[in-house]
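Trainee: I have a structure open and would like to go through it. Can you take me along?

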Amino acid sequence: MAIFSVYVVNKAGGLIYQLDSYAPRAEAEKTFSYPLDLLLKLHDERVLVAFGQRDGIRVGHAVLAIMAMDVIRLFAIGSQLSPEQGSSGIEMLETDTFKLHCYQTLTGIKFVVLADPRQAGIDSLLRKIYEIYSDFALKNPFYSLEMPIRCELFDQNLKLALEVAEKAGTFGPGS
């Protein structure tokens, strides 16, 4: 099981932090727009192209990353399309290859985690990430709200929380 990425998005929708914790070495990088003409499937912990061909991408090639801006667009679309009045957007999006979890604070900051669908305890992890953000970014006298997070203690504690979550599969109420 793995946690692939963590994103922090400010209330204006700008990406202020990104951590890709599961990134195999890429041989080539391609950028596509939606809709994709490719069919993707999970095979041996990797996302592979199962059908389709485009710009040199063929059946059997591995997909290594999803852009953070696509995640932000999904969240905005989810809040607009929700039948519930005043919806805050997507809380969880599940696919065969990953689960996208989102936690939005009362101040509008969004914490997004992309994880293996079998990874447990992501809701607790999101609350832990918010706690780490509060303790190490907001209390940092050199950090300005809504700006990119560049704090070594935030990075260290976030990586430690991800390691604990991946090993244990969950966070208890006291962690």
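Mentor: One term before we start: two strands count as paired if DSSP finds at least two bridges between them. With that in hand, look at Val 9, which stands opposite Lys 110 in β8. Keep in mind that this is a predicted model.

Trainee: How many bridges join strand β1 to β8, and which way do the two run?

Mentor: There are 6 bridges between strand β1 (residues 3-9) and β8, and the two run antiparallel.

Trainee: What about β1 and β2?

Mentor: β1 and β2 also pair, in the antiparallel sense, over 5 bridges. Val 6, for example, stands opposite Leu 19 in β2. The two strands form a hairpin with 5 residues between them, and Gly 13 in that turn has a positive phi of about 95°.

Trainee: Is strand β8 buried or exposed?

Mentor: Buried. All 6 of the 6 residues of strand β8 (residues 110-115) are buried, so the strand is largely enclosed by the rest of the structure.

Trainee: Which residues sit on which side of β8?

Mentor: Lys 110, Val 112 and Leu 114 are on one side, and Phe 111, Val 113 and Ala 115 are on the other. Both faces are covered.

Trainee: Let me step back. How many helices and strands are there in the chain?

Mentor: The protein chain has 3 helices and 8 strands. Along the sequence the pattern is β-β-β-β-β-α-β-β-β-α-α. Of the 175 residues, 37% are buried.

Trainee: What is the mean pLDDT?

Mentor: The mean pLDDT of the protein chain is 76, with 58% of its residues at 70 or more. Confidence is lowest in strand β5 (residues 62-63), at a mean of 52, and highest in helix α2 (residues 122-138), at 95.

Trainee: Then α2 next. How far does it reach?

Mentor: α2 has 17 residues and reaches 22 Å from its first C-alpha to its last, close to the 24 Å expected at 1.5 Å a residue.

Trainee: Which residues of α2 are buried?

Mentor: Among them are Ile 122, Leu 125, Leu 126, Ile 129, Ile 132 and Tyr 133.

Trainee: What do the buried residues of α2 pack against?

Mentor: They pack against β1, β7, β8 and α3 (152-168).

Trainee: Which residues touch the most other members in the largest nonpolar core?

Mentor: That core has 25 residues, and Ile 3, Val 113, Leu 125, Tyr 133, Ile 149, Phe 154 and Leu 158 touch the most other members. β1, β2 (15-20), β8, α2 and α3 each supply at least two residues of this core. α2 gives the most to it, with 7 residues. Apart from this core lies another, of 9 residues, among them Ala 2, Tyr 7, Val 112 and Leu 114.

Trainee: Now a single residue. Where is His 101, and is it buried or exposed?

Mentor: His 101 is in strand β7. Its relative accessibility is 8%, and the cut-off for buried is under 20%, so His 101 counts as buried.

Trainee: What is His 101 in contact with?

Mentor: Leaving aside neighbours within four places in sequence, the contacts of His 101 include Glu 91, Met 92, Phe 111, Val 113, Ile 122 and Leu 126.

Trainee: And Lys 159, where is that?

Mentor: Lys 159 is in helix α3. At 44% relative accessibility, Lys 159 counts as partly exposed. Lys 159 and Leu 19 are 140 residues apart in sequence and 8.8 Å apart in space, C-alpha to C-alpha.

Trainee: Last one. What is the phi of Glu 146?

Mentor: Glu 146 has a positive phi of about 70°, although it is not a glycine. Glu 146 lies in the loop between α2 and α3, and at 25% relative accessibility it counts as partly exposed.

Key
Residues numbered from 1 in each chain as written. Predicted model: local features only at pLDDT ≥ 70, side-chain atom pairs only at ≥ 80, totals over all residues. Heavy atoms only, no water. Helix = DSSP H or I, 4+ residues; strand = E, 2+ residues; numbered from the N terminus. Buried < 20%, exposed > 50% of the residue type's maximum accessible area, 1.4 Å probe, protein only. pLDDT = per-residue confidence, 0-100. Expected span 1.5 Å × (residues − 1). Contact = heavy atoms within 4.5 Å. Core = buried A, V, L, I, M, F, W, Y, C linked by side-chain atoms within 4.5 Å.
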